[in-house]
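Please keep both in view while reading.

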Amino acid sequence: MEFLKIGDRSLLYPIVQGGMGVGISLSSLAAHVAGNGGMGIISTAQIGFREDDFYKNPIVANLRAIKTELQKARDLAVQVFENSFKVSEQAAGFIDKLKNYKPFIGFNIMVATNKYADYVIEAVKAGADIIISGAGLPVDLPELVQKAQEISDNEKRTCIAPIVSGRKSAKVILKMWDRKYKTTADAIVIEGPLAGGHLGFSYDELHELGADTMASRNYKREKYDAEIKEIIEEVRIYEEKFGKKIPVFVAGGIYTREDIAHVISLGADGVQMGTRFVTTYECDAPDDYKQTYINAKEEDIVITKSPVGMPGRAIRNDFMDRLKSGPIPIRHCHNCLSHSICDRKTIPYCITDALCSAANSDENHALLFCGSNAYRATGLEYVKDIMHELTEDMK
């Protein structure tokens, strides 16, 4: 098989591991996915929540953790890669092709993040292979990366990939990057309505797509498939204009080889998967977090309203049931989101506290984000086994 070109880098398998914060996709998960030929993504959402000074200086702690988590991921990914491909792929004739291959690792950075520019700059300086950015329109991402590149010691340019949910947002971003910066994306992530966490859809849009209840068993796939095709058409316009390949990865509800084959049949180049990798031994989440996925039933997967006003998909638990009785008092502001998005006086609860609780095994106060397929997990798996299952016919 041929590697997938992304900017000036190569990806062995067209599988991106979705960025999941807080504390779910850090160095361990990213390293094992990257070391097995996929793209490992570290979420910067409160990435430093285990740093000693996090509650006093959250932004400082997060920026420091960007460098340390990436370095840990790089070191581990090299070991994983050598172990994964030393023997198992030799019969397939991969060894010669893989001699100069470097595991692909980057960051997911939300546009809504307070001090977004600082996070982007720190990620580039740390040597990120790619920055995937959504939760808003990353209109200034090319400029931020370019500025950071100028003060960085890294010879290779950090690739950039916006997350979009419709053709309209894709068109706005790509047109603006073209007009303002004379550049375009290195990749695109289409995040559909079956994704976990915050969703780029209104409640009405989710309802129209049948993606708002019961793990979305009534999902109108053909309706959103048409949107995926339109986004790909838009991307191809800029491929032609800039004379380069812009791989498109589809996310949301991707769990099996059949799911991958389906989106590739629509014209996509690969997929982004988050939920499938949560229930792995190597995922950074605590064991009881993973067990919640394994124990979940289809009816436990629900749509909830985030403090930032966006719908999100999560596993129903006591914390979510308590919210029905009224707001949960905010104990401390972590300055995680832009104040224009998160108003401490009106939000029903602190999303950082809820997500940190999930990552710290405090289930009574935890928000457990998940994708629509979380209930399909039946036990823990190894990342290597998942990657082998998903890529068996790609070799």
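The model is predicted. Under the rule applied here, 23 salt bridges are counted in it. Side chains of opposite charge can pair when their charged atoms come close.

**Salt bridges**

- Asp-186 and Arg-157 form a salt bridge in which the closest N and O atoms are 2.7 Å apart. Asp-186 belongs to the loop between α5 and β8, and Arg-157 to the loop between α4 (141-150) and β7 (159-164), so the pair ties together parts that are 29 residues apart in sequence.
- Asp-186 counts as buried because its relative accessibility is 0%, whereas Arg-157, at 34%, counts as partly exposed.
- A salt bridge also joins the side chains of Lys-241 and Asp-178, at 2.5 Å from N to O. This pair links distant parts of the chain, with Lys-241 in helix α7 (residues 221-242) and Asp-178 in helix α5, 63 residues apart.
- Lys-241 is exposed, with a relative accessible area of 55%, while Asp-178 is buried, with a value of 11%.
- Glu-239 and Lys-245 meet through their side chains in a salt bridge of 3.7 Å, N to O. Glu-239 counts as buried at 13% relative accessibility, and Lys-245 counts as partly exposed at 35%.
- A network of salt bridges links Asp-8, Arg-9, Arg-74 and Asp-129.

**Surface patches**

- Lys-171, Lys-175, Arg-179 and Lys-182 form a positive surface patch.
- Lys-182, another member of the patch, lies in the loop between α5 and β8 (188-191). Lys-182 counts as exposed at 61% relative accessibility.
- Tyr-281, Leu-380 and Tyr-382 make a nonpolar surface patch of about 290 Å². Tyr-382 is found in the loop between α12 (351-359) and α13 (383-391), and it counts as partly exposed at 43% relative accessibility.

**An open sheet**

- Three strands make up an open sheet in the order β9-β13-β12, with antiparallel pairing. Its edge strands, β9 (197-198) and β12 (301-305), each pair on one side only.
- Strand β13 (residues 311-315) pairs with β12 in the antiparallel sense over 5 bridges. Arg-313 in β13 is the bridge partner of Ile-303.

**Backbone and loops**

- The peptide bond from Gly-21 to Val-22 is cis, with omega near 5°. Val-22 is located in the loop between β3 (15-17) and α1 (27-35).
- Gln-46 is a residue other than glycine with a positive phi, near 50°. Gln-46 lies in the loop between β4 (39-43) and α2 (58-85) and counts as buried at 5% relative accessibility.
- Lys-182 is likewise not a glycine, and has a positive phi of about 55°.
- Thr-378 has its place in the loop between α12 and α13, where it counts as exposed at 74% relative accessibility. The C-alpha atoms of Thr-378 and Ile-328 are separated by 33 Å, and the two residues are 50 residues apart along the chain.

Terms used: Residues are numbered from 1 along each chain as its sequence is written. This is a predicted model: local features need pLDDT of at least 70, side-chain atom pairs count only at pLDDT 80 or more; totals for chains, interfaces and linings use all residues. Side-chain values use heavy atoms; hydrogens and water are left out. Patches are made of residues with over 30% relative accessible area and no salt bridge: like charges are joined within 9 Å, nonpolar side chains (Val, Leu, Ile, Met, Phe, Trp, Tyr) within 5 Å. Accessible areas come from the Shrake-Rupley method with a 1.4 Å probe; for residues, only the protein chains shown count as cover. A salt bridge is a side-chain nitrogen of Lys or Arg within 4 Å of a carboxyl oxygen of Asp or Glu. Lys and Arg count as positive and Asp and Glu as negative; His and the chain ends are not counted. The place of a charge is taken as NZ of Lys, CZ of Arg, CG of Asp or CD of Glu. Helices (H or I, at least four residues) and strands (E, at least two) are DSSP runs, numbered from the N terminus. Buried means under 20% relative accessible area, exposed over 50%, partly exposed in between (1.4 Å probe, protein chains only). Two strands pair if DSSP finds at least two bridges between them.
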